[in-house]
Every structure is written in C-alpha cells, then in structure tokens.
Amino acid sequence: MDLVVGRVAKSHGIRGEVVVDVRTDVPEERFAVGTVVRGRPGRGGDEKNYTVTAARQHAGRLLLSLAEVSDRTAADALRGTLFLIDSADVDSGDDPDEFYDHELEGVAVTTVDGVEVGVLSAILHLPANDVLAVTTPSGSEVLVPFVREIVPTVGVDGIVIDPPDGLIDDES
C-alpha cells in the first residue's frame with residue numbers, strides 16, 4: 001500500500017523548484033538531498049521517480065529542487081503530483097499512541113462493555129476532527145468521532161469505544 005508523504009502545490013520561481021504540501025512527520029528524512037521520491041501525477045499518467053537535489057523551507061512551506069525538473073514549465077506540469085512511499089518501508093515505532101492508518105484498518109472495534117461493534121474500515125481525516133468508519137457485522141457503516149472521550153483505547157490489537165447513547169444503532 002502506498003502512503004502519501006507530500007503533494008506538489010505549485011511551482012516556485014523560474015529554476016524549477018516546487019512547493020510541497022508536506023504530509024509526513026519526518027520531511028527532513030523523506031525529502032533529504034539525494035533521496036529518490038516516487039511521484040504519481042494528480043491528473044493521471046505514469047508514476048515517475050524524482051531525485052531531490054535541494055530542499056529548503058520558505059514562508060513555512062517546503063521547496064524542493066528535483067534533478068528531473070529544470071525549469072518553471074516542467075515544475076508547473078507537476079502540480080498535484082503525489083509523492084509516495086511504500087507502507088512496508090515504515091512502521092509507527094514503539095510509541096503506543098502513534099500509528100499509521102493502514103496499521104489499524106481491519107482491527108476489531110468493541111465497546112467498553114465488550115460488545116462487538118465491527119471492524120475498522122477507514123479513518124476519515126475531516127477538517128473538524130478525524131472519524132472512524134466501522135463496518136458492522138451486518139455490513140452497515142457506523143461513523144465514530146475519533147476523540148479520546150469516545151475512543152479511549154486505540155491499538156493494533158483492538159479499538160475500544162465508549163459511544164454516547166444513539167451513536168450506534170442497536171440493530172446493527
């Protein structure tokens with residue numbers, strides 16, 4: 001499975017730099033000089049590898065120079081390109097409160113009383129807060145706000161929720 005670590009927002013200047021919206025906690029590692037990043041065009045097309053030749057912060061954003069991009073026209077063509085890594089190449093480490101979405105997908109979800117709710121199918125990253133999409137045994141979907149008051153326990157061995165009245169339909 002691929003993980004997105006950045007997205008090209010736009011070009012910068014006339015020498016082919018691109019502005020990257022960072023989607024990783026370790027941009028200094030993912031976009032280090034000499035690193036080869038895999039790019040998937042946002043408008044469709046074939047994936048291509050790009051070699052980072054320079055990386056710097058400018059006005060709170062990451063600017064990258066890539067060996068394969070030498071001018072503004074080429075940089076403009078990358079707008080919307082997603083930079084990807086393989087999820088098998090990373091793990092969330094030893095911190096029990098850190099995980100990647102793909103590590104939790106398929107994990108059983110139960111209530112604090114031990115009642116089976118279903119299986120986590122996705123984590124939706126919405127502007128207000130994240131939401132857990134849980135597929136129930138009947139095949140319906142329950143959306144659970146991903147906040148500590150409702151989801152007190154999260155781990156790759158299981159997710160425990162304390163749903164308020166009415167969040168989960170008794171028939172599902």
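This is a predicted model: local features need pLDDT of at least 70, side-chain atom pairs count only at pLDDT 80 or more; totals for chains, interfaces and linings use all residues.
Local features are taken at pLDDT of at least 70 and side-chain atom pairs only at pLDDT 80 or more, while totals for chains, interfaces and linings use all residues. Residue numbers start from 1 along each chain as its sequence is written, and side-chain values use heavy atoms, with hydrogens and water left out.

The protein chain splits into domain 1 (2-91) and domain 2 (101-161), with bounds that come from an automatic or database domain assignment. Taken over C-alpha atoms, the centres of domain 1 and domain 2 sit 32 Å apart.

Strand S5 (residues 61-66) is a handy place to start. Helices (H or I, at least four residues) and strands (E, at least two) are DSSP runs here, numbered from the N terminus. Five of the six residues of S5 are buried, so the strand is largely enclosed by the rest of the structure; buried means under 20% relative accessible area, exposed over 50%, and partly exposed in between (1.4 Å probe, protein chains only). Strands count as paired if DSSP finds at least two bridges between them. By that rule, S5 pairs with strand S2 (residues 17-22) in the antiparallel sense over three bridges, and Val20 has Leu62 of S5 as its bridge partner. Strand S4 (residues 48-58) also runs antiparallel to S5, joined to it by six bridges; here Val52 is partnered with Leu66. S4 and S5 make a hairpin with two residues between them, and Ala59 in the turn shows a positive phi of about 55°.

As for charged contacts, the structure holds seven salt bridges, each a side-chain nitrogen of Lys or Arg within 4 Å of a carboxyl oxygen of Asp or Glu. One of them links Arg61 to Asp21, with the closest N and O atoms 2.5 Å apart. Arg61 belongs to S5 and Asp21 to S2, so this pair ties together parts that are 40 residues apart in sequence. Both ends are partly exposed: Arg61 has a relative accessible area of 32%, and Asp21 has 25%.

Another salt bridge joins Glu29 and Arg30, at 3.4 Å between the closest N and O atoms; Arg30 is buried, at 13% relative accessible area. Then there is Arg72 with Asp76, whose closest N and O atoms are 4.0 Å apart. Both lie in helix H2 (residues 72-77), four residues apart, or about one turn of the helix. Arg72 is partly exposed at 37%, and Asp76 is partly exposed at 31%. Elsewhere, salt bridges with shared partners join Arg7, Asp21 and Arg61 into one network.
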